[in-house]
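Q: Please take a close look at one part of this model, the place where its chains meet. Describe what lies there and what surrounds it.

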Amino acid sequence: MKRSSLFVLQLLFTLLVCAFMLVPVLLSLMAGLTRNFFVGLSSGLTFDWLVQVWQAYSPTVWLSLQLALACAVCVCVVGVPAAYALVRMNNRFSRAFEELMVLPVAMPGLASALALLLTYGQFGAFRSSWLFILVGHVLFTLPFLVRPVMAVMQRQQLPVLEEAAASLGAGPIKRFFSVVVPNCRAGILAGVLMVVTLSLGEFNLTWMLHTPMTKTLPVGLADSYASARLEIASAYTLIFLLMIVPLLIALQAISARLSRGERR
Amino acid sequence: MASTPRAAWALAPAFALLLAFWLLPLAHLMLLGGQSRDSQGSGYWQVLSSAQYLGSLVQTCALAVVVTLTALVIGGISGVFLARQQFSGRSALVALLTFPLAFPGVVVGFLVILLAGRQGLFAALGLQLAGERWIFAYSLVGLFVGYLYFSIPRVILTVMAACESLDRSLEEAAHSLGAGHWRVVCDVIIPGLAPALASCGAICFATSMGAFGTAFTLGTRLNVTPVAIYNVFTNYANFAVAAALSVVLGAVTWAVLLLTRRLVKNAGTVL
């Protein structure tokens, strides 16, 4: 089939957009692996920058991973029951609550962080521990778990299964853990991946909430952008991308599976 | 069958969390904005009577509007194309275009520096072509490019999702009645996508209003509100003005989101 000229134009346009998205990332990869970016690729490829970054900034990587996992656990503990309640209630109150839950995401992160800092900043031990950042991350990522879990809960034959379990004598707690949670695994998994991805990259809140002892990966990135040479900053970005891109690929695979299930 | 009141208990932890760590601090912030220091009037008054703060708010809003409209046009064209056409490599293209959605603002700022900074691609290109370095990363143009970078993927995703629920027979009917490509685009496709475009635009606007990371990487001299809040807070320790600016910024953002919600009922959004 011969494509029309309109198709070719649109394809070129889209490829141009893709280039805009991709070229800076490739530049960053290249800069992180060349000996001297100023001279160019002819100066040779090296892993030295990556090693230097790892020596200087590896604590930020570990702290970010710790934060992201703790955040995922907290959001699950709080979010899955909340999603269940919101689907079950489905009244004016639950809809208002949904709006409220999304607000910390919609509002500028700096404002939320400032509010947290000015309210809880005087509690020194809490302020200087990583838990202070964790609170911010949980607030920011909560809707990203609740939404996919709600979507899965809404479309399955969950009420029927629950009724069957109830008629067999299972109490509400047992029903929740043995019927509701196993049936929402895909939604929970998609939500958790999203939460981990977002927590690893969260900066707007974290920058205000961090202390010199609690530097996360994005905070370290901002540091290196401001003070280190371009190759170090690029190598550091490369490490961040290596952490986040596998998560994104998994996320796309899962959401593709979820939307296929929707159509079935 | 769990009854509604019993199900409501499952909401308690989330509610407690939001109440303690978001609603209460926010209320505190609003009160703080009303406090005054050194007999200069309340924080709100200082913000509303200062040309500098108001200017930064106006500039931030204007930038966010321009970014949103540009992203809607670019993302709209690519999104409709990707949703409608089948060709080899399409899904790879979609994947590549949607990755940047999860990049944090700081990283986007750095990518802009690599494109248009002192040692960037455009500087080298300009040196080759015109004999001078093209550097625009550390200005509002650089900020515009950065905001565009993380807005386009969001628009593309939303438009692709919205296209799937569009009724194609309407387009075929329009074609068979003799409408040209542009007529179909203007009279059928754009009205069909309008709700999705509006709600996605509102979210792009909100993200651009609060995008601190990108502005922070590109330079703290840029006069946009998030940077202004940060400077007032860290350099002058003026909590009242910092709180008032945050509240005003949040209020403008929220008002736009709410207004769009009123205008567009039931539009699916990608957060």
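A: From the N terminus on, chain A runs α-α-α-α-α-α-α-α-α-α-α-α, which comes to 12 helices and 0 strands; helices (H or I, at least four residues) and strands (E, at least two) are DSSP runs, numbered from the N terminus. This is a predicted model, in which local features need pLDDT of at least 70 and side-chain atom pairs pLDDT 80 or more, while totals for chains, interfaces and linings use all residues. Residues are numbered from 1 along each chain as its sequence is written, and chains are lettered from A and ligands numbered from 1 in the order in which they are written.

Now the meeting place. Here 67 residues of chain B are in contact with 70 residues of chain A (contact: C-beta atoms, placed from the backbone, within 7 Å). On the chain B side, the largest share, 12 residues, comes from helix H2 (residues 12-33) of chain B. By class, that side has 53 nonpolar, 13 polar and 1 charged residues (nonpolar: Ala, Val, Leu, Ile, Met, Phe, Trp, Tyr, Cys and Pro; charged: Asp, Glu, Lys and Arg; polar: the others, Gly among them).

One residue to look at is A:Leu114. Leaving aside neighbours within four places in sequence, A:Leu114 is in contact with A:Met208 and, in chain B, with B:Leu29, B:Ile229, B:Phe233, B:Ala242, B:Ala243 and B:Ser246.

In chain A as a whole, 46% of the 264 residues are buried (20 or more other C-beta atoms within 10 Å of the residue's own, C-beta atoms being placed from the backbone).

Methods. Two residues are in contact if their C-beta atoms, placed from the backbone, lie within 7 Å. A residue is buried if 20 or more other C-beta atoms lie within 10 Å of its own, exposed if 12 or fewer, and partly exposed in between; C-beta atoms are placed from the backbone.
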